[in-house]
Amino acid sequence: MDLSIALPFPSITTKPFPSHLLLSRPLFPSSSPGRSLLSTRNPSSSRHNHRTPRQRLRRRVSAAVDDDDGGFVLEDVPHLSDFLPNLPLYPNPLEKSQAYAIVKYVVSLLLLSHFHSVVVHKGSPRGVHFRRAGPREKVYFKPDEVRACVVTCGGLCPGINTVIREIVCGLNYMYGVDDILGIVGGYRGFYSKNTVKLTPKVVNDIHKRGGTTLLTSRGGHDTVKIVDSIQDRGINQVYIIGGDGTQKGAALIHEEVEKRGMKVAVAGIPKTIDNDIAVIDKSFGFDTAVEEAQRAINAAHVEVECVENGVGVVKLMGRYSGFIAMHATLASRDVDCCLIPESPFYLEGQGGLFQFIESRMKENGHVVIVIAEGAGQEFVAQSIHDVNQKDASGNRLLLDVGLWLSHKIKDHFTQVREMDVNMKYIDPTYMIRAIPSNASDNIYCTLLAQSAVHGAMAGYTGFTVGPVNGKHAYIPIARVTETQNTVRLTDRMWARLLSSTNQPSFLNSCDDILLQQERVDRDMVDMIHKMKITST
Ligand SMILES: Nc1ncnc2c1ncn2[C@@H]1O[C@H](COP(=O)(O)OP(=O)(O)OP(=O)(O)O)[C@@H](O)[C@H]1O
Ligand SMILES: O=P(O)(O)OC[C@H]1O[C@](O)(CO)[C@@H](O)[C@@H]1O
Ligand SMILES: [Mg+2]
């Protein structure tokens with residue numbers, strides 16, 4: 001196994017990290033469950049050359065820490081022992097597991113994971129790290145005292161059932177836990193519905209189905225009622241699968257649990273089809289959705305290439321971010337133009353979409369446009385005098401930009417250009433998220449679920465899990481909810497897309513691009529601020 005992620009550090013310069021987000025906790029506090037493990041190592045040992053590769057790697061981490069830990073910042077997740085001192089510790093049942101015998105050092109070694117946009121200069125402040133996810137040497141729960149629950153909230157996403165399955169199987173097979181409850185219908189299910197019992201047998205086949213067997217909902221987060229329910233039912237591990245809104249709710253549950261001094265570990269598993277969750281490399285189900293989107297794009301392409309002046313419009317999900325549209329476009333090669341919320345476009349005049357469509361039709365006889373549902377919302381709102389409606393969670397309800405665009409294109413070419421166009425509008429939005437996850441997402445979901453289980457058993461709480469620069473880590477919830485990822489117009493991926501489709505960028509200069517990027521960042525901050533106020 002490659003343990004070299006902590007060293008050597010890439011010398012990239014970035015802005016200093018906002019101080020309110022830096023953890024006050026030293027890298028390895030004496031109460032930290034990882035400290036004893038690290039401090040037992042002796043980096044000055046002269047037997048270094050006789051060490052096994054595994055020992056050498058352990059030493060490198062140790063040396064880096066002992067050397068000068070002043071520059072490292074561990075952005076740590078809360079632990080039950082932070083507010084409940086003197087909790088008993090138990091040996092990890094995995095120590096006796098044949099499966100884990102060979103990877104025993106993972107159980108004991110605490111590793112660090114880079115946070116990708118934070119500086120790590122060799123010899124200067126060494127940046128922010130998260131705790132590496134995985135099993136720990138000691139656990140804070142005896143298997144027979146665990147009563148766990150799983151809840152799923154927000155929109156659907158391929159792979160939710162796999163995460164549920166692997167939490168249940170992980171708890172049962174790895175830790176011997178057999179008291180696991182399913183909360184039905186999202187957060188409100190805590191206080192308005194009966195629970196269901198989850199066993200490996202009950203969840204055995206669910207990963208083959210789309211959706212969530214536990215059902216989901218938006219709105220209805222009432223922290224006090226939820227924690228009352230957790231307390232009344234004697235639940236001591238809560239696994240919460242959901243997007244940014246759900247994770248904010250999970251943070252509130254953790255705070256309330258801590259306020260009441262309850263021994264309850266709260267673990268978040270980030271989910272969103274839009275791939276807009278901050279910090280983590282990618283969200284589960286995204287690859288599956290992009291793959292499914294190919295079918296819709298392909299259908300549009302087949303339709304329009306078989307007729308004269310064919311125009312295909314495919315609307316894909318992406319409320320505030322165009323990741324699905326961008327990746328589906330890059331993968332397909334049949335798309336002439338991709339429109340996303342982050343990059344404004346205009347229809348008429350020089351450099352506008354109509355002009356581009358006309359030139360492509362002349363060149364190829366047909367055009368395929370992919371549009372993310374959040375793009376061009378301002379145009380649609382103007383045309384139908386929209387009143388800015390919201391869903392139960394406070395998210396803005398989107399207008400059908402695909403339909404609007406299809407009408408606009410058809411009207412322009414028939415009425416203004418006196419050309420007949422053959423319009424094919426395909427709206428596969430829900431189809432790309434209501435399917436089971438593909439093989440790689442299934443594996444990814446398993447890793448997330450198992451990381452969450454290891455973390456909760458080890459007493460971590462108020463955390464979310466996910467890969468950061470390829471390594472799975474425990475991340476403080478606030479870190480993933482403080483912002484959302486959007487496609488960066490200044491990054492290479494968008495440049496790759498523009499050069500692959502050869503579409504107009506609709507932004508005329510570098511200054512315009514930079515200004516637009518600033519606008520997107522500002523809008524995101526505003527939106528997140530508003531969501532804090534409007535949600536229940
Ligand atoms: N700021 C918040 N504080 C507490 N709970 C919240 C907050 N925002 C949303 N929630 C709750 O989290 C749940 C899911 O939220 P939401 O509908 O926004 O979906 P999401 O988790 O963001 O997923 P998706 O990616 O599908 O939008 C809802 O029950 C909602 O009440
Ligand atoms: O119609 P629903 O279920 O509320 O969800 C729609 C929204 O959920 C998402 O899939 C995820 O946030 C968005 O892309 C989409 O706008
Ligand atoms: Mg959301």
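The second largest pocket of this predicted model holds about 790 Å³ of space, a volume being the space filled by probe spheres set on grid points joined across faces, edges and corners. A pocket here is an open set of points on a 1 Å grid over the protein atoms alone, where a 1.4 Å probe fits, with protein on both sides within 12 Å along at least five of seven lines; lining residues have an atom within 4 Å of a point. The lining comprises 30 residues, and Tyr-320, Gly-374, Arg-396, Asp-523 and Met-527 lie nearest the pocket centre. Two or more lining residues come from each of α14 (377-384) and α19 (510-534), helices being DSSP runs of H or I with at least four residues, numbered from the N terminus. The largest share belongs to α19, with 10 residues. By class, the lining has 11 nonpolar, 10 polar and nine charged residues, where Ala, Val, Leu, Ile, Met, Phe, Trp, Tyr, Cys and Pro count as nonpolar, Asp, Glu, Lys and Arg as charged, and the others, Gly among them, as polar.

Residues are numbered from 1 along each chain as its sequence is written, with chains lettered from A and ligands numbered from 1 in the order in which they are written. Local features need pLDDT of at least 70 and side-chain atom pairs count only at pLDDT 80 or more, whereas totals for chains, interfaces and linings use all residues; side-chain values use heavy atoms, leaving out hydrogens and water.

We turn next to helix packing. Helix α6 (residues 160-175) packs on helix α16 (residues 439-457) at about 50 degrees, with the axes 8 Å apart; axes are lines fitted to C-alpha atoms over the stretch in contact, and angles run from 0 to 180 degrees between N-to-C directions. Contacting residues (heavy atoms within 4.5 Å) include Gly-170 and Leu-171 of α6 and Ala-449 and Val-453 of α16. This contact divides into nine nonpolar, six polar and one charged residues.

Helices α9 (residues 223-233) and α10 (residues 244-259) meet at about 60 degrees, their axes 10 Å apart, and are therefore oblique to each other. Their crossing is right-handed. Thr-223, Ile-226, Val-227 and Ile-230 of α9 touch Leu-252, Ile-253, Glu-256 and Val-257 of α10, giving six nonpolar, one polar and one charged residues.

A left-handed crossing is found for α12 and α18. Helix α12 (residues 323-332) and helix α18 (residues 492-501) form an angle of about 45 degrees, with axes 10 Å apart. Met-326, His-327, Thr-329 and Leu-330 of α12 meet residues of α18 including Trp-494 and Arg-496.

Methods: Parallel < 35°, antiparallel > 145°, perpendicular 65-115°, else oblique. Left-handed = near helix turned anticlockwise from the far one by under 90°.
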